[in-house]
Amino acid sequence: EFSGGGIFNNAGSSTTLINSTISNNSTGQSGGGMFNFANTVNAVNTTFSGNTALGTGGAMDNANTGNNPIVNLTNCTITANQAGQGGGMLQFGTSNTFFRNTIIAGNIATSGFAPDLRGTFNSLGYNLIGVADGNVTINGETTGNITNQTARLAPLGFYGGATLTHAL
């Protein structure tokens, strides 16, 4: 199996997700929900849930191969994903992943460490990170950030919008 169980964002392309749900995808390698290979991803009001990667990045693997991929997450929820490492997300190489007002919690790492995030990330403030252990560095604006707390989200379902989400 190849990387990118749901979406493989290949070189020379970009992906914009607005009011979307990426759910129940799997891969034998990296990026159960999405594998970003040296490109730009903009996700707004998007839920990544129930995705699985046997390798890294249950919801998303952002692979920096020298082409400086950029991931911008605003008002997103990343929960109930699973991978060997970085059950929620893996940022490989230079950090070009930015998140604002985003929940990254309740993910699983089958290796036993880095369940929610693995790598270096950039906060733009007001995020909830479930487990911020020694495998993650969060730079940038930390105003309003909550770390090492359970998000207490409802199961994936319809809670008044057009897509499946996890209610608070």
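Colleague: What share of the contacts in the chain with a separation of 6 or more comes from residues 24 or more positions apart?

Modeller: In this predicted model, residues 24 or more positions apart account for 69% of those contacts.

Colleague: What makes the chain agree with a compact globule?

Modeller: The rule puts a compact globule of 168 residues near 15 Å in radius of gyration, and the chain has 14 Å, so the two agree. Along the principal axes, the C-alpha atoms fill a box of roughly 35 × 30 × 30 Å. Buried residues are 48% of the 168. The accessible surface is about 7,200 Å², and carbon and sulfur atoms hold 51% of that.

Colleague: Which secondary structure elements does the chain have?

Modeller: There are 22 strands and zero helices.

Colleague: Why is asparagine 62 called buried?

Modeller: Buried requires under 20% relative accessible area. Asparagine 62 has 0%, so the label applies. This residue belongs to strand S9 (residues 60-63). Beyond its sequence neighbours up to four places away, asparagine 62 touches Asn36, Pro69, Val71, Leu90, Gln91, Phe92, Asn96 and Thr97.

Colleague: How do you know that asparagine 62 and glutamine 91 make a polar contact?

Modeller: The cut-off for a pair of N or O atoms is 3.5 Å. The side chains of asparagine 62 and glutamine 91 make their polar contact at 2.7 Å, within that limit.

Colleague: And asparagine 64, buried or exposed?

Modeller: Its relative accessible area is 8%, therefore asparagine 64 is buried. Asparagine 64 sits in the loop between S9 and S10. Leaving aside neighbours within four places, its contacts are Pro69, Gln91, Phe92, Gly93, Thr94 and Asn96.

Colleague: Which residues touch the most other members in the largest nonpolar core?

Modeller: They are Phe48, Met60, Leu73 and Leu117, in a core of 20 residues. Strands S6 (40-44), S10 (70-74) and S17 (117-124) each supply at least two residues of this core. Nonpolar side chains tend to be buried together in soluble globular proteins. Methionine 60, not counting residues up to four places away, touches Gly31, Met34, Val41, Phe48, Val71, Leu73, Gly88, Met89 and Leu90.

Colleague: Why are S4 and S16 said to stand at the edges?

Modeller: The open sheet has four strands in the order S4-S8-S12-S16, with parallel pairing. Strand S4 (26-27) and strand S16 (108-109) each have a single partner strand, so one side of each is left without a neighbour in the sheet. S4 pairs with strand S8 (residues 52-56) over two bridges, and serine 26 stands opposite threonine 52.

Key. Residues are numbered from 1 along each chain as its sequence is written. This is a predicted model: local features need pLDDT of at least 70, side-chain atom pairs count only at pLDDT 80 or more; totals for chains, interfaces and linings use all residues. Side-chain values use heavy atoms; hydrogens and water are left out. A nonpolar core is a set of buried Ala, Val, Leu, Ile, Met, Phe, Trp, Tyr and Cys residues joined through side-chain atoms within 4.5 Å. Buried means under 20% relative accessible area, exposed over 50%, partly exposed in between (1.4 Å probe, protein chains only). Contact means heavy atoms within 4.5 Å. Two strands pair if DSSP finds at least two bridges between them. A polar contact is a pair of N or O atoms within 3.5 Å; within protein, one must be able to donate a hydrogen and the other to accept it, and residues adjacent in sequence count only if both atoms are side-chain atoms. The radius of gyration is taken over C-alpha atoms; the globule rule is 2.2 Å times the number of residues to the power 0.38. Accessible areas come from the Shrake-Rupley method with a 1.4 Å probe; for residues, only the protein chains shown count as cover.
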